[in-house]
Structure formats: structure tokens, C-alpha cells
Amino acid sequence: MTTTLEQRVRRSFAETFSGPPDLVVQAPGRVNLIGEHTDYNDGFVLPCAINFATVVGARMRPDRLVRVLAVDQGGELDEFLLDEPLLARADSHWSGYVRGMVWALQGAGFRLCGADLVIAGDVPQGAGLSSSASLELAIGQAFKQLLGLDALTPARLALLAQKAENEFVGCRCGIMDQMISACGVAQHALLLDCRSLETRAVPLPTDLAVLIINSNVRRGLVDSEYNLRREQCEAAARHFGVKALRDLDSAQLGSEPGTLDALVWRRARHVVSENARTLSAAEALAAGDLNRLGVLMAASHASMRDDFEITTPAIDQLVALIAAVIGTQGGVRMTGGGFGGCVVALTTAPLAALAMQRVAEAYRSPDSLPGTAFLCRAADGAGLLATMSTAAEEAP
Ligand code: GLA
């Protein structure tokens, strides 16, 4: 997939900026297998990077100008000078993620160079597969590679990308999406401790299918509901006198709300139980125990539906349809921020094929749209695809 994207980037680069890019980088989107709304509670997540990515061709300029062409956005061009104050547009326009990343890098003291950049990507947008994090990381990688900035480790780039998203674009996301796009390992999921940023690569069984189905449910109120959940989690942490809900276990949480608001208590119960499920799921995955994994994914979905209230009836129906096909041979749950987006199923290849068939027959979104299925591979995190010299060596 990235090969075709790379070709598109190279072609557009030659047409727009004449000549080849100095180098081409990529950064993947992600799917979260389990551990939802735990990242901003300093908890655990278990995502994998996917073989859908943003690819950027980059060439240094001798001046302070940055020109950026987005192939998939009708060939729109954005231009800005590195020494002028950078502004984002009010809407969530793609250029905000580019400018935001440049803003964060310069704010951290990195002296950047002018550059010509061409972007192309195949991460489905607005589906909860982190197309924006992959764009931020691809831009960060492009400058890292152009300037040989070794201080920009994957975790450092991820933190700067999160800063860009939080403070420049204005979305209060956690660290999961940026970390997995930066640090993904092919054929592995990553157990990420969102407090220490320690990662453990968990091998995916070779015969495991990672099936993503976009519900095509139009996502509404995502930002306001997301921010509300964060506030409720913070309120629960304050109530229990802990730094974050990560520091609470089910015994401390208790079996009843007590003096805490009942809704806020249920939000906390989701996070506390989801952290425990995520750690168990990493073990189950490593052991190839599909039955256990399925039980944990089902409990995660129920908790998102009943305690955190971020699923929708159409998503619940989609999950139930797939669960009936999979049985005890794996699991399925909504993935990502919620209120629409995708579900993820982990199962055997034959059952994944049957599940796709069943979804095609029986699922329609509230707007009567069918689901869109993607069979994915766990991919590597952001990095160099090619430089001018390697591209020349490979040419026939
Ligand atoms: C979005 C955010 C992430 C995370 C998930 C929920 O994807 O960007 O940081 O909070 O929602 O798990």
C-alpha cells in the first residue's frame, strides 16, 4: 500500500516542485485492540499500527519557506514562513496538523529548515483510525530525517505531536495515537503504559486476522462528549484523592458510588476495569488464547456501552452480529474514541471472512450505509521509506 502512496507522492512532487524529493517517510494509522479512554487516565492501552499510512516526500529549501501539497485534498497547497507566528484555521483543516507539528518542533528549540513537502495517505479519515496522528508523525519524521535530528526519538516526536494536537489544533486527546504511530512494531501489538511511556511489544499469533469494520455511523458531538468524559474522570480521581484513575483499583473503587455522583462513579468503574482488562488481554494475546481475549473484548465493549456510554445502537448491533459469527474463537469491540467509527475483531482468517460476509448481508448504518471492511496487518511505526540515493539505486 505504501508503495503506491510513495509513487503518488513522487509523481506529484515532480509535477509541483520539479525534481525528486530528498527523502520519503511514512507514519501509520492505528487500531486499538483494547484499553479505551484509559490513556488520559495514565493507564494502559494495547493498540497496533496498521498498514494504512500517511506518506510525505520532502526536500530541503535554502530559505525559510515551507510549501505543502496535499494530494488527497484536491491538491491543495499551504505555504508559510518559519519565522512568522503560525496560525491554525478555525475548522479542522489538514494544514493545522502540519503547522501544529512545525510549531511544536520550533517551540521545543529545534531549528528547522525551509522545505517542499508532498503528502498522500490512505488512512480512512474521520473513522477513528488516527489519520491526524499519522499526519503529525509523518511531518515530524520528515523534518527529523531532513535535518538528521537524532534527539527526536519516537517518544519525543509522539509527545510533540500530542502537544500540537492539544495546544495548536485544540483537541484534548491522550498520548495513545501518537505513541503507536511513532513506535509500532510489525506483527506486534504494543502494550503501552501511558504514564511512564514504557512499551512492550506483544507478538500477534501469525494466524490471527485483525479485521476492522467502519460502521459509517456519522460521528456527532465527539469533541464535547470526549472532553466531558475527561472531566468526569478527573472529578473521580479528585474524589478518591489519587493523581489519576490509574492509581485506583477495584477494591478502592468499591461496589457502590457512596458519596460520589453515580454517573461519575460508573465512568471511573469503566476506566479501572478497562485497565485491568488491558493487562490481561496482553497476556491472553501473547499466549494465543483467543477464547480469553474474546471474553475480555466483550467485557470491554459492554463497559463502554453501559458505564462509559460512548457506543451507539448501530455499533452495538454491528458488534453483536460479528460476535455471533466468531463465538469463542476471538473477540470484537468498538475501537477508538466512540460515538461511531470502527469496530475491531481479532479472530481466525476463515471466521473473519465469514464475519465480513455477515456484515455485508445484515448491517446498515442509520443512514442506510453498509459497513466498510479492512483486513489489516500490524505495521511498523513512523520512519524513512526511501532517500534519493536509495531510490536511484533501485531504479532499473
Ligand atoms: C481518541 C484519542 C485517544 C484516546 C482514544 C480513546 O482516539 O485521540 O487519545 O483517548 O480516543 O481511547
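Where is Leu-197 found? Leu-197 sits in the loop between β7 and β8 (199-203); helices (H or I, at least four residues) and strands (E, at least two) are DSSP runs, numbered from the N terminus.

Hello everyone, first a word on what we are looking at. This is a predicted model, with residues numbered from 1 along each chain as its sequence is written. Local features need pLDDT of at least 70 and side-chain atom pairs count only at pLDDT 80 or more, while totals for chains, interfaces and linings use all residues, and side-chain values use heavy atoms, with hydrogens and water left out.

Let's start with the domains. The assignment, which is automatic or from a database, gives domain 1 (2-200 + 379-394) and domain 2 (204-376). Their C-alpha centres lie 27 Å apart.

How do they meet? In contact, meaning heavy atoms within 4.5 Å, are 35 residues of domain 1 and 44 residues of domain 2. The size of an interface is often given as the accessible area lost when the parts come together. Here the area buried between domain 1 and domain 2 is about 3,300 Å², and carbon and sulfur atoms give 60% of that; buried area is the accessible area (1.4 Å probe) that two parts lose on being put together, summed over both. Ile-34, His-37 and Arg-172 supply 21% of what domain 1 buries against domain 2, more than any other three residues.

On the side of domain 1 that touches domain 2, the elements giving two or more residues are β1 (23-32), β2 (44-45), β3 (47-60) and β7 (188-193). Of these, β7 gives the most, with four residues.

A search of the whole structure finds 26 salt bridges. Glu-36 lies in the loop between β1 and β2 and Arg-333 in strand β10 (residues 330-335), so this pair ties together parts that are 297 residues apart in sequence. Their side chains meet in a salt bridge at 2.7 Å, N to O.

Glu-36 turns up again at the ligand. Residues around the ligand (a heavy atom within 4 Å of it) include Arg-30, Glu-36, His-37, Tyr-226 and Gly-337. Ligand oxygen atoms lie 3.0 Å from a side-chain N or O atom of Arg-30, 2.5 Å from one in Asp-39 and 2.6 Å from one in Asp-177.

Finally, back to the backbone. Most residues other than glycine have a negative phi. Leu-197 is not a glycine, yet its phi is positive, about 65 degrees. What is the phi of Glu-309? Glu-309 has a positive phi near 50 degrees, and its place is in the loop between α9 (290-306) and α10 (313-326).

Methods: A salt bridge is a side-chain nitrogen of Lys or Arg within 4 Å of a carboxyl oxygen of Asp or Glu. A polar contact is a pair of N or O atoms within 3.5 Å; within protein, one must be able to donate a hydrogen and the other to accept it, and residues adjacent in sequence count only if both atoms are side-chain atoms.
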